[in-house]
Amino acid sequence: MRFQLRILVCTLCLLFPTMGGAQQPSFRVLAFYTDKGEPDHIDFAKQALAFYAELAKKDDFAFESTTHWEDLNAERLMSVQLVLWLNDFPTKLEHRAAFETYMKHGGAWLGFHVAAYNDADTHWPWFLEFLGGGVFYGNNWPPLPGELTVDDQKHPVTRRLPASFEAPANEWYAWKPSPRLNKDVRVLVTLSPKNYPIGLKDTITGGDVPVVWTNTKYRMLYANMGHGDKIFASVEQNKLFEDAVLWLGVRK
């Protein structure tokens, strides 16, 4: 009788793996952020943490966050499949070096808004190449909603989006040269020219302003959204944020 019971338990464990122990998450995400600095960036980070924590439950991935860039090291990164930079970026050489190695060996990155900010004082040539070669050139102010054009509706990150949609108020960044000019960059979403001129104090009057893109040499995606507490107010845009994590977290 005991032997038959053991056989039954083993069979059930094979049919229903969760009975044999906790189900393992499909992938692990580590988000870096700061709770200091510009209030609008902090507001975004707080909402992003809540958004992705709920999404992790829904889509079966593990989500952790930290304000300590010391966690951007080889040992810690070995345990995660995807790194998020919500509203900050590393400044110390050892953290930058660890991230470079991680990305060159198949790691994945999703960066928002100020995470890609770079100028003459950044002094990180590899990161500029990683982003596709665009240097921060200007922005609109104050934050304003914008009509976005979806360049590629077949990509896994944008497949659930319409051809265009209205994005919540944001500070839109312009880059020079446009990342689109890089042969390795695939632009997925662009600020529609219908918005121009956009801004009151600082204005974008024209030009090519990519908003979401990937450098196909790496497992990475940059999304310019991330300024203020309205970013997660769009159901359409939230689909992009969800699919970006799923694409980067599980793709081989």
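**The cores**

Start with the largest nonpolar core of this predicted model, which has 48 residues. Select Tyr 52, Leu 86 and Leu 110, the residues with the most contacts inside this core. Next, colour helix H2, residues 39-59: the largest share of the core, 8 residues, comes from this helix.

Stay on Tyr 52 and show its surroundings. Leaving aside neighbours within four places in sequence, Tyr 52 is in contact with Phe 61, Phe 63, Leu 84, Leu 110, Phe 112, Phe 241 and Val 245. Then select Trp 124, Phe 130, Phe 136 and Tyr 218, which belong to a second, separate core of 29 residues. In soluble globular proteins, nonpolar side chains tend to be buried together.

**Helix H4**

Move to helix H4, residues 93-104. Its 12 residues reach 16 Å from the first C-alpha to the last, close to the 16 Å expected at 1.5 Å a residue. Which residues of H4 are buried? Select His 95, Arg 96, Ala 98, Phe 99, Glu 100, Tyr 102 and Met 103. Among the elements covering them are helix H3 (74-77), strand E3 (82-85), E4, H5 and strand E11 (219-223). After the helix comes Gly 106, with a positive phi near 100°.

**The aromatic cluster**

Phe 99 is also a member of an aromatic cluster. To see the cluster, select Phe 99 together with Phe 32, Trp 69, Trp 85, Trp 109, Trp 124, Trp 126, Phe 127, Phe 130 and Tyr 218. The structure as a whole holds 35 aromatic pairs.

**Asn 118**

Go to the loop between strand E4 (108-112) and helix H5 (125-131), and pick Asn 118. Is this residue buried or exposed? Asn 118 counts as buried because its relative accessible area is 4%, and the cut-off for buried is under 20%.

Show the polar atoms around its side chain. The backbone oxygen of Ala 116 lies 2.9 Å from a polar atom of the Asn 118 side chain, and the backbone oxygen of Gly 134 lies 3.4 Å from one. Beyond four places in sequence, the contacts of Asn 118 are Leu 128, Leu 131, Gly 134, Val 135, Phe 136 and Trp 175.

**Leu 248**

Finish in helix H6, residues 235-250, at Leu 248. Leu 248 is buried, with 0% relative accessibility. Not counting residues up to four places away in sequence, Leu 248 touches Leu 82, Ala 108, Trp 109, Leu 110, Arg 219, Met 220 and Leu 221.

How values were computed:
Residues numbered from 1 in each chain as written. Predicted model: local features only at pLDDT ≥ 70, side-chain atom pairs only at ≥ 80, totals over all residues. Heavy atoms only, no water. Core = buried A, V, L, I, M, F, W, Y, C linked by side-chain atoms within 4.5 Å. Buried < 20%, exposed > 50% of the residue type's maximum accessible area, 1.4 Å probe, protein only. Helix = DSSP H or I, 4+ residues; strand = E, 2+ residues; numbered from the N terminus. Contact = heavy atoms within 4.5 Å. Polar contact = N/O pair within 3.5 Å; in protein donor to acceptor, adjacent residues only side chain to side chain. Expected span 1.5 Å × (residues − 1). Phe/Tyr/Trp six-rings, centres within 6.5 Å; stacked < 30°, edge-to-face > 60°.
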